Amino acid sequence: MATVELRFSAVPGHVRTARLVAASVARKAGVDEAVLDEVRLAVGEACTRAVGLHQSSGISAPVRVLLIEEEKQFSIEVGDEAPRAVPGGTTHGAHADADVEAEEDEMGLAVISGLVDDVEVTADEHGGKIRMSWPTTPPAAVP
């Protein structure tokens, strides 16, 4: 299992770099060429979401992107450190624009879900993670 880890400052300009790296590693891992645009768009959406969460919460920690090559699958995890409310708990850093941000967050997650069949979203008081996976095709054997 090969893994590439990318960390970048929560600045919108770095999202493009994350998209390019993700597409390059996905191609090398054996993700079908026809799906690479979806990979780029999904990673861009997930990274843009993480950058926005960091900026709105005043978090200076970097956004984390893991590119994981497994036997028949390629996965990308985009992680942030923005705290989320947990049932029965409180979230620090909440503000008056929470409803607008929640709506934008849902829209971003809907876009990702429309692009990727295998998506898992988790979040707690320590941050969140979006894990997206695509099937891979092993390279053809050379005779």
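Analyst: Two strands are said to pair if DSSP finds at least two bridges between them, where strands (E, at least two residues) and helices (H or I, at least four residues) are DSSP runs, numbered from the N terminus. This is a predicted model, in which local features need pLDDT of at least 70, side-chain atom pairs count only at pLDDT 80 or more, and totals for chains, interfaces and linings use all residues. Residues are numbered from 1 along each chain as its sequence is written, and side-chain values use heavy atoms, with hydrogens and water left out.

User: What makes strand E1 and strand E2 a pair?

Analyst: Seven bridges link E1 (residues 2–8) with E2 (residues 63–69) in the antiparallel sense, and because at least two are required, the two strands pair. Within this pairing, Thr3 stands opposite Ile68 in E2.

User: How do you know that E2 is joined to strand E3?

Analyst: Six bridges join E2 to E3 (residues 73–80), and the two run antiparallel; Leu67, for example, stands opposite Ile76 in E3. E2 and E3 form a hairpin, with three residues between them.

User: Why is Glu120 called partly exposed?

Analyst: Glu120, which lies in strand E4 (residues 118–124), has a relative accessible area of 44%. Buried means under 20%, exposed over 50%, and partly exposed in between (1.4 Å probe, protein chains only), so Glu120 is partly exposed.

User: Which residues is Glu120 in contact with, leaving aside its neighbours within four places in sequence?

Analyst: Glu120 is in contact (heavy atoms within 4.5 Å) with Lys129, Ile130 and Arg131.
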